[in-house]
Amino acid sequence: MNAPLAAIRPDNLDFLRRHIYAGSGIVLETEKQYLLDARLSPIAREQGLGSLDDLCALLRATSESPLHRRVVEAMTTNETYFFREPAHYQALREVILPNLLQTRQTARKLSFWSAAASTGQEAYSLAMMLLEMGVQGWDAEILGTDLSSQVLERAQSGRYTQLEVNRGLPAALLLKYFRRVGLDWELKEEVRRMVRFQSFDLRSKMRAMGPFDVVFCRNILIYFDLATKKSILEEMQGTLFRGGHLLLGSTEAGAPLGDGYTRQAVGSITAYVAI
Ligand SMILES: C[S@@+](CC[C@H](N)C(=O)[O-])C[C@H]1O[C@@H](n2cnc3c(N)ncnc32)[C@H](O)[C@@H]1O
């Protein structure tokens, strides 16, 4: 077993905090500092280094490099699972999507954005739900984006372990939309072709994105400071059709939405509607 790395020097701790913030917008809270050791020690060891201080020395010695990116990506939290926060999917199935299917009957075009897609379960859950609601023959597009190239690679593969498909995915959907590949499960082409993944930093201008009917921005704003949250939500408003819905994680209800949205109770959730 690897021995834990020694405690990090305060100036290096500060350097890492600034590096992570600059690369992702993520604010490393004091009580989350333990994550540095857990997530960066493997990278330090891989580089043949004995401590996080050595890793910082290497990072400080050069400017942008793949190692700089890896350190930022390693500090992202990628936790996700199929149909996470089921009340959101219930609101989609019972209210938001039936309304859209009706208003778009002629154009038969729908567009969605999973804005912090991680390994793809959010986007694919929606794709399966749309298929279950009979959108075959519609032009229904789901865009999944994330900062981390590692999670996007996994999302693109459409392949999940047994443990991952055991989290939130109803057995009937597993059997219908996946096939077994060795010990893993792979999504069928019918689902995969509805979803496109690309790299996108949420702090970027969003002029080229959308317009979307529904944007998922769940379990990501919590990592940002107030100014970052504000500017993301403002930019995001411009990516939605007027009347389009923004879904935030249930712990993100207090996000600074500004006056571009109205709150709407949909089933048991609150959605934010672009005005
Ligand atoms: C906790 S996951 C959320 C996954 C999914 N939305 C859910 O609720 O299950 C947060 C994701 O945000 C990504 N992320 C962090 N900073 C980002 C940024 N500045 N721009 C885009 N994505 C970012 C991380 O890489 C991570 O995969």
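Biologist: In which sense do strand S8 and strand S10 pair, and over how many bridges?

Modeller: This is a predicted model, in which local features need pLDDT of at least 70 and side-chain atom pairs count only at pLDDT 80 or more, while totals for chains, interfaces and linings use all residues. Residues are numbered from 1 along each chain as its sequence is written. Strands are DSSP runs of E with at least two residues, helices are runs of H or I with at least four, both are numbered from the N terminus, and two strands pair if DSSP finds at least two bridges between them. S8 covers residues 240–248 and S10 covers residues 269–274; they pair in the antiparallel sense, over two bridges.

Biologist: Which residue of S10 stands opposite His245?

Modeller: S10 spans residues 269–274 and pairs with S8. The residue of S10 opposite His245 is Val273.

Biologist: In which order do the strands of the open sheet lie, and which are its edge strands?

Modeller: The open sheet has seven strands with mixed pairing, in the order S6-S2-S1-S7-S8-S10-S9. Its neighbouring strands are turned by 25 degrees against each other on average, direction ignored; the axes are lines fitted to C-alpha atoms, for helices over the stretch in contact, and angles run from 0 to 180 degrees between N-to-C directions. Two strands pair on one side only, and these edge strands are S6 (195–199) and S9 (261–266).

Biologist: Which residue in the turn between S9 and S10 has a positive phi?

Modeller: S9 and S10 pair in the antiparallel sense over six bridges, and Arg263 stands opposite Tyr272 in S10. The two strands form a hairpin with two residues between them, and the turn residue with a positive phi, of about 55 degrees, is Gly267.

Biologist: Which residue has a positive phi in the turn between S4 and S5?

Modeller: S4 (178–181) and S5 (184–187) pair in the antiparallel sense over four bridges, and Phe178 has Leu187 as its bridge partner in S5. Two residues separate the strands of this hairpin, and the one with a positive phi of about 60 degrees is Gly182.

Biologist: Is Leu247 buried or exposed?

Modeller: Leu247 is found in strand S8. Beyond its neighbours within four places in sequence, Leu247 is in contact (C-beta atoms, placed from the backbone, within 7 Å) with His88, Val214, Phe216, Arg218 and Ala271. A residue is buried with 20 or more other C-beta atoms within 10 Å of its own, exposed with 12 or fewer, and partly exposed in between. Because 25 other C-beta atoms lie within 10 Å, Leu247 is buried.

Biologist: How far apart are the C-alpha centres of domain 1 and domain 2?

Modeller: The domain assignment, automatic or from a database, gives domain 1 (10–74) and domain 2 (86–274). Five residues of domain 1 are in contact with nine residues of domain 2. Their C-alpha centres lie apart by 30 Å.

Methods:
Two residues are in contact if their C-beta atoms, placed from the backbone, lie within 7 Å.
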